[in-house]
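Please keep the sequence and the model in view while reading.

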Amino acid sequence: YAALNTTALPAATIEDGSAYFEAKTYTGNGGTNTITGLEFSPDWTWIKKRNSNSSHSIHDTVRGATKRIRSESSDAETTETTALTAFTSDGFTLGSGGTANGNNDSFVSWNWDAGSSTVSNTDGSVTSSVRANPSAGFSIVSYTATGSNLTVGHGLNATPAVIITKDRSAAKDWLVMHESIGVDHFLKLNLTQAKAGPYTNVFTSVSNTTFGTGNDAGINTNGNNRIAYCFAPVAGYSAFGSYVGNGSSDGPFVYTGFKPAFLMWKLSSASGGHWNIEDNGRSPDNPVTVTLRANTNEPDLTTSQGQIVDLLSNGFKVKNTSGQHNTSGATYIYMAFASHPFSSNGGLARSELGILWEDASPTYNQKWYWGKDSDGNLIPKTYTDLKALWIAQTKQTANKLLQPSDWRVVKAKERG
């Protein structure tokens with residue numbers, strides 16, 4: 001068995017998740033408001049008011065900053081000049097609109113980095129406009145539907161585990177492909193229904209270059225513009241999967257390989273499950289006790305049981321028996337993004353587990369020194385010490401080598 005050591009885990013590709021994702025809270029001012037402090041220029045920003053009912057506001061650099069869609073609604077894209085008005089090098093600028101910048105209202109924004117440029121992609125049967133960040137496993141894909149089976153290039157060079165897509169031109173439900181339910185099933189981001197399927201005319205395929213859709217009007221109305229947000233897993237930064245509830249307040253632990261900065265999860269095996277969102281911007285400490293829902297306009301919510309989940313250094317631990325999170329035997333899907341990977345967050349990971357240790361390899365040569373005194377000074381071995389150690393080690397080696405032979409028996413007989 002290998003020693004208990006975080007260095008034995010798979011190497012994290014991204015050592016600081018905040019370089020590509022950050023949940024940032026802010027207070028609105030009812031006027032022009034520039035939110036700063038991100039470690040990147042965001043390409044997808046999702047905003048929600050926390051202190052009262054209000055629609056979600058989703059913006060990205062591919063469609064254009066002022067183009068807004070709402071996760072809780074099937075409505076088509078609108079142009080909003082008083083919501084998010086521009087992306088900046090380390091944040092975004094807001095207008096006076098109340099959904100994203102009401103005076104003295106509290107907000108949270110979830111922000112992702114999708115790379116540095118938008119390009120035409122011809123990997124699929126239709127040309128798509130793609131802004132991709134393969135290192136972070138995230139791309140934004142815009143294309144025009146044809147009404148017939150088609151494939152779309154996504155630019156990730158890896159197979160997406162999750163695709164969230166919306167018709168921009170018409171009022172149609174959001175559709176979500178998640179690897180845990182299979183490409184022939186789907187969920188709807190704006191609704192609480194269980195997974196639907198199997199279908200052969202909605203999502204049809206997914207590969208490391210393209211995803212395919214069938215001719216169902218919900219995903220492929222001829223001439224309509226569509227947007228898709230594609231996610232591929234990146235070790236130590238993002239994870240997409242499922243778990244089965246146990247109905248206990250000591251709920252399942254789900255390993256992600258990092259401390260989640262963002263967690264969106266949903267009951268998939270039955271209806272009634274909201275798209276619950278937790279993050280470290282609103283809840284920097286455990287237990288997490290507030291949630292927002294992608295499919296409603298509700299503010300921050302608490303549960304009657306208080307605790308919802310613990311966001312731990314290597315995953316998350318469900319802390320209640322609510323049907324939203326932990327019905328016995330029910331299946332839940334999730335998507336999570338990291339603050340820090342478990343394999344490289346050192347003291348963070350160990351301290352949360354109550355483990356403290358020093359480097360296994362001493363910084364001095366043990367052949368010549370006993371160790372260090374209380375002041376940190378090396379304690380040398382004397383000539384007498386070295387001689388005694390050499391004799392002892394030689395005898396020990398001789399005994400190990402000679403013990404299985406008849407030599408010891410012969411010598412014992414000779415001595416009488």
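Lysine 67 has threonine 79, in strand E6, as its bridge partner. Strand E5, residues 64–69, is joined to E6 by two bridges, and the two run antiparallel. Strands here are DSSP runs of E with at least two residues, helices are runs of H or I with at least four residues, and both are numbered from the N terminus; two strands pair if DSSP finds at least two bridges between them. This is a predicted model, in which local features need pLDDT of at least 70 and side-chain atom pairs count only at pLDDT 80 or more, while totals for chains, interfaces and linings use all residues. Residues are numbered from 1 along each chain as its sequence is written, and side-chain values use heavy atoms, with hydrogens and water left out.

E5 and E6 belong to an open sheet of six strands, paired antiparallel in the order E1-E9-E3-E4-E5-E6. Strands E1 (21–27) and E6 (78–79) stand at the edges with a single partner strand each, so one side of each lacks a neighbour in the sheet.

Strand E3, residues 44–49, contains threonine 45. Threonine 45 counts as buried because its relative accessibility is 0%; buried means under 20% relative accessible area, exposed over 50%, and partly exposed in between, with a 1.4 Å probe and protein chains only. Contact means heavy atoms within 4.5 Å. Leaving out residues up to four places away in sequence, threonine 45 touches Ser57, Ile58, His59, Leu84, Phe87, Phe92, Ser109, Trp110 and Asn111.

As a whole, the protein has four helices and 28 strands. Of its 416 residues, 48% count as buried.

How far can the model be trusted along the chain? The predictor's confidence in each residue is pLDDT, on a scale from 0 to 100. The protein averages a pLDDT of 88, and 82% of the residues score at least 70. Over residues 346–361, however, the pLDDT is below 50, and this stretch has 16 contacts in the model beyond near neighbours in sequence. Where pLDDT is low, the predicted coordinates should not be read in detail.
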